[in-house]
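Please look over the sequence and the structure below before reading on. The paragraphs after them go through the parts one at a time.

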Amino acid sequence: MLSLEILQCLTSKVGFDDCGVAPAGYLEPEARFMDEWLRQGLHGNMSYLERNRSLRYDPRELVKNAQSIVVCVLTYEHSGHDYHRAIKSKLYELEALLLQQGLITPCDTQNKFCDSAPFLERAWAVKAGLGQVGKNHQLIHPTLGSYVHLGELVLKEPVEQTTVHRALSTVNCSNCSDCTLCIDACPGGALGQPQWDARKCVAYTTHKCTVCQQVCPMNKGKNHE
Ligand code: SF4
Ligand code: SF4
């Protein structure tokens, strides 16, 4: 049977920095959390997020008979400028290795994602034990920090997990403790409420902003290029 250890070995071979896995299923309470965020209009002009919610909340709607979500992590440092391309090509390599070794069967629908489908990547990363969501609403990996991109391979096979599986909440971050550096530094005042306010986020309104990641102690010494 396919195991997390095998996946970690193969993902490392194709150049990912980490990977985790979670059983496919309906994302609860994330669905409720996102419904409420949308109801309050905090998503601003990202109206596309209002569509395809059933697909977004359950990847089995995207990939029939999906059993496992493999979440792969690639640091900014290793992804280059076109991270979609870098991640997609590594996901294809990973799938080819798994097929070659007879560990999975071919999937006849799109099962590799990187910002490319209604897919709650950050929630799946947390479920896969790859970190927690900080007060800056970014995924914070325990050793890689938040300068990471995510890609997912959805499998129709179960994956045995023999290492400790850390399923953590996506809606609060105990690692942040009393720290409020990102909230205090945010130029638009988008942080500090339970829900991130996209309408006040400079990155979503006018130009690139990574202040809430730059000030985070979890990113100390990490390369953000
Ligand atoms: S990207 Fe900038 S504006 Fe948006 S939440 Fe982070 S610090 Fe605030
Ligand atoms: S800056 Fe502080 S509060 Fe914000 S995400 Fe990082 S650790 Fe958490």
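Two strands are said to pair if DSSP finds at least two bridges between them. Helices (H or I, at least four residues) and strands (E, at least two) are DSSP runs, numbered from the N terminus. The model is predicted, and local features need pLDDT of at least 70, side-chain atom pairs count only at pLDDT 80 or more, while totals for chains, interfaces and linings use all residues. Residues are numbered from 1 along each chain as its sequence is written, and chains are lettered from A and ligands numbered from 1 in the order in which they are written.

Start with the sheet. Strand 2 and strand 6 run antiparallel and are joined by eight bridges. In this pairing, Ile69 stands opposite Val154 of strand 6. Strands of a sheet pair through backbone hydrogen bonds, either parallel or antiparallel. The open sheet here has four strands in the order 1-2-6-3, and the pairing is antiparallel. Strand 1 and strand 3 (112–113) are its edge strands, each of which pairs on one side only. Strand 3 is joined to strand 6 by two bridges, again in the antiparallel sense, and Lys112 has Leu153 in strand 6 as its bridge partner.

Contact means that the C-beta atoms of two residues, placed from the backbone, lie within 7 Å. Axes are lines fitted to C-alpha atoms, for helices over the stretch in contact, and angles run from 0 to 180 degrees between N-to-C directions. Helix 1 touches strand 1 and strand 2, and its direction makes about 145° with that of strand 1. Helix 5 touches strand 2, strand 3 and strand 6, and its direction makes about 35° with that of strand 6.

Eight of the eight residues of strand 6 are buried, so the strand is largely enclosed by the rest of the structure. In a regular strand the side chains alternate between the two faces of the sheet. In strand 6 both faces are covered: Val148, Leu150, Glu152 and Val154 are buried on one side, and His149, Gly151, Leu153 and Leu155 on the other.

Next comes the interior. A nonpolar core is a set of buried Ala, Val, Leu, Ile, Met, Phe, Trp, Tyr and Cys residues joined through C-beta atoms within 7 Å. The largest such core has 53 residues, of which Ile69, Val70, Val71, Cys72 and Val73 touch the most other members. Strand 2 gives the most to this core, with six residues. Beyond its neighbours within four places in sequence, Val71 is in contact with Cys19, Gly20, Trp124, Ala125, Ala128, Leu130, Leu150 and Glu152.

Ala128 counts as buried because it has 28 C-beta neighbours inside 10 Å. The C-alpha atoms of Ala128 and Ala22 are separated by 4.8 Å, although the two residues are 106 residues apart along the chain.

Glu61, in the loop between helix 3 (53–57) and strand 2, has 15 C-beta neighbours inside 10 Å and so counts as partly exposed. Asn52 is in the loop between helix 2 and helix 3, and its phi is near 55°, a positive value in a residue other than glycine. His137, in the loop between strand 4 and strand 5, also is not a glycine and has a positive phi of about 65°. With 20 C-beta neighbours inside 10 Å, His137 counts as buried. The peptide bond from Glu28 to Pro29 is cis, with omega near 20°.

The ligands come last. A residue is near a molecule if its C-beta atom, placed from the backbone, lies within 6 Å of it. The residues around ligand 1 include Cys186, Cys201, Cys209 and Cys212. Around ligand 2 there are 13 residues, the closest being Gly134, Cys176, Cys179, Cys182 and Cys216.

Methods:
Buried ≥ 20, exposed ≤ 12 C-beta atoms within 10 Å, placed from the backbone.
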